[in-house]
Amino acid sequence: MQIAIEHLAEGLHPIHLEDMPAADFIPDVDGRFASPVKVEGTLTVSENSLVLQADIAVAMTFSCSRCLEEVEEHISGEIATYYEKTDRAIPEGEELTESDDVEILDYSAKSIDLSRRIAELVNLNIPMKPLCSEACEGLCPECGRNLNKSVCGCGTRQMDHRWHTLKSLLKEE
Ligand SMILES: [Zn+2]
Ligand SMILES: [Zn+2]
């Protein structure tokens, strides 16, 4: 996801971007994108720097960690990045270091790329254990039935079994 900066005059520019990320936008994630990534914010351009502040929002689908049904999660957050412009002639000994919120940009750069920032943000906000509902009953460990949809006999049988054991214990006393 890129913002073209080549022809931007100094000042404040509203940013509206919408882009469907590629399936491998965030590698090793057990979920997929269900909506485009929306970027809404501002870019402040000045002679030697750019400041981006934007709200990021996207929907993703995951498997419920209990019943494996599809769950849609809305992931959102804010990115704020300061781009410091520089030319290649960085004086000897002077260090320009990038940090969490600062990136170094060449004066000749034609665009800024938000992909890494967005991927980081989404990655941080992905639910560890997605749930279709807090009350999800999950799958029966014996027959695999989705217990949100119907009740199987396995649990009942277990109860009966325990009850019989208890009764036989009582008899022995
Ligand atoms: Zn569930
Ligand atoms: Zn069962």
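Strands are DSSP runs of E of at least two residues, numbered from the N terminus. In the predicted model, H74 lies in one such run, strand β6. This histidine is exposed, because 11 other C-beta atoms lie within 10 Å and the cut-off for exposure is 12 or fewer. Leaving out residues up to four places away in sequence, H74 touches A57 and A59. A separation of 13 residues in sequence divides H74 from T61, and the C-alpha atoms of the two are 8.8 Å apart in space.

The protein chain as a whole contains 2 helices and 8 strands. Their order along the sequence is β-β-β-β-β-β-β-β-α-α. Of the 173 residues in the protein chain, 11% are buried. Among contacts with a separation of 6 or more, 57% join residues 24 or more positions apart.

The largest nonpolar core comprises 16 residues, of which M1, V37, V39, I56, V58 and I118 touch the most other members. Two or more residues of this core come from each of β4 (37-45), β5 (49-63), β6 (70-86) and α1 (115-125). The greatest contribution is that of β5, which supplies 7 residues. For M1, when neighbours within four places in sequence are set aside, the contacts are L17, D19, V37, V39, D113, L114, S115 and I118.

The buried residues in α1 are R117, I118 and V122. Viewed down the helix axis, the buried residues of α1 fall within an arc of 125° and therefore line one face of the helix. The cover over these buried residues includes β4, β5 and β6. On the face turned away from the buried side, α1 carries the exposed residues R116 and L124.

Most residues other than glycine have a negative phi. L68, although not a glycine, has a positive phi of about 70°. With 14 other C-beta atoms within 10 Å, L68 is classed as partly exposed, because this count falls between the limit of 12 or fewer for exposed residues and that of 20 or more for buried ones.

Methods:
Residues numbered from 1 in each chain as written. Chains lettered and ligands numbered in written order. Predicted model: local features only at pLDDT ≥ 70, side-chain atom pairs only at ≥ 80, totals over all residues. Helix = DSSP H or I, 4+ residues; strand = E, 2+ residues; numbered from the N terminus. Contact = placed C-beta atoms within 7 Å. Core = buried A, V, L, I, M, F, W, Y, C linked by C-beta atoms within 7 Å. Arc of directions from axis to C-beta.
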